Amino acid sequence: MPNFLCNLCGAATGFSPSADREETLCVACGCSMRMRGVIATLSRTLFQCEIPLPEFPALKAVKALGISDSPLYAAGLERSFRYTNTFFHQEPFLDIRNPSVGECGQYDFVICSEVLEHVPQPAVHAVEGLRKLLKPSGFLLVTVPYHLAPESTEHFPPFQHQTLATLGGEPILIGRDADGHFHVRKDLVFHGGPGSTLEHRQCSDGGIQTLLRNHGFPTITIDTTAAPAFGIEYDSPCSLPIIASQGKFVLPPEAVAELAQQYADGQTKLRQARESSWLRLGQRLGLGPRL
């Protein structure tokens, strides 16, 4: 089994030879390659280099939002940033199709991983809501399972109202369109369980880029960079992390000041360690680090 350093938990671990984004698991924390890819892309966008999540600096001036993020990396993001993980079905609640005015324009980055394929039509409302949440200099990190067709495929028409029910032990979707007509669908696909995991569309590379570009995100970058040291090796050009923004991201000045202060504090501790009489004694005995 190949070895790698998990950039979520920091453990030296291994994975099966499969390159599936959901199956190449860290044997220590159980995270998938998709999750490691999210954090690697986030690190590149924020810091222009690849840093494991446990080594992210504490930048509480950076305000961030998760849209049903995995707890495997949400806890690490909470340590490093002013980050809140939100949900559609539980607290803290957030409907990305209709964010509150008080939330708009507040965030330096938003992570929306494996969500947009589950949002009912029209998906443009969700994308426009995500854009509203961001500062003008902020960015959106998106992952969806997508193929290389020119357009995404919608499974259902745009219902005014819809609900899931059970008939004969099988889940069904009941929807009412704008004309008041009811539709019943039983050809349903769920990701990981029933409920909000209902798949509403099969996304495509061209379709997701067009959706983002036409609704507030003119700058789109697909992160194709592998990171074998972190167990990230993409075997196809599909379903890769996407960074969408209105322009180039820069750290807020307050965050740069935090970084500078942490660097200065580190230099002070290093100088104090060099001046330690115990360290000098250990070095004479051939023990201890060389600083």
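Some ground rules. Residues are numbered from 1 along each chain as its sequence is written, and side-chain values use heavy atoms, with hydrogens and water left out. As the model is predicted, local features need pLDDT of at least 70 and side-chain atom pairs count only at pLDDT 80 or more, while totals for chains, interfaces and linings use all residues.

Let's start with the rings. How many aromatic pairs does a search of the whole structure find? The number is 5. Rings of Phe, Tyr and Trp (its six-membered ring) pair if their centres lie within 6.5 Å; planes under 30 degrees apart are stacked, over 60 edge-to-face, and the rest tilted.

Take Phe47 and Phe56. Their pair is edge-to-face, with 5.3 Å centre to centre and 85° between the planes. Buried means under 20% relative accessible area, exposed over 50%, and partly exposed in between, using a 1.4 Å probe and protein chains only. Phe47 counts as buried because its relative accessibility is 15%. Phe56 is buried too, at 7%.

Now Phe109 and Phe139. This pair is stacked: 5.5 Å centre to centre, 15° between the planes. Phe109 sits in strand E5, residues 107-113, and Phe139 in strand E6, residues 134-143, so the pair ties together parts that are 30 residues apart in sequence. Helices (H or I, at least four residues) and strands (E, at least two) are DSSP runs, numbered from the N terminus. Phe109 is buried at 0% relative accessible area. Phe139 is buried at 1%.

Step back, and ring pairs link a cluster: Phe47, Phe56, Phe81, Phe109, Phe139 and Phe249.

One more ring. What sits over the ring of Tyr107? The charged end of Lys63 does, 5.1 Å from the ring centre. The test is NZ of Lys or CZ of Arg within 6 Å of the ring centre and within 35 degrees of the ring normal.

On to strands. Strand E3 (residues 63-67) and strand E4 (residues 82-86) run parallel, joined by 5 bridges. Two strands pair if DSSP finds at least two bridges between them. Ala64 has Tyr83 in E4 as its bridge partner. From E3 the chain passes through helix H2 (residues 71-80) to E4, and this β-α-β crossover is right-handed. That means, with the strands pointing away from the viewer, the path from the first strand over the helix to the second runs clockwise.

Next, a sheet of 3 strands. It is open, ordered E7-E12-E8, with mixed pairing. Which strands are at the edges? They are E7 (146-147) and E8 (153-154), each pairing on one side only. E7 and E12 (residues 201-204) pair in the parallel sense over 2 bridges. Tyr146 has Cys203 in E12 as its bridge partner.

Helix H4 packs on this sheet, touching E7 and E12, and its direction makes about 85° with that of E12. Contact means heavy atoms within 4.5 Å. Axes are lines fitted to C-alpha atoms, for helices over the stretch in contact, and angles run from 0 to 180 degrees between N-to-C directions.

Last stop: Gln209, in H4 (residues 205-213). Is Gln209 buried or exposed? It counts as buried, because its relative accessibility is 18%. Leaving out residues up to four places away in sequence, Gln209 touches Ile220 and Ile222. The buried residues of H4 pack against several elements, including helix H3 (124-133) and strand E13 (219-222).
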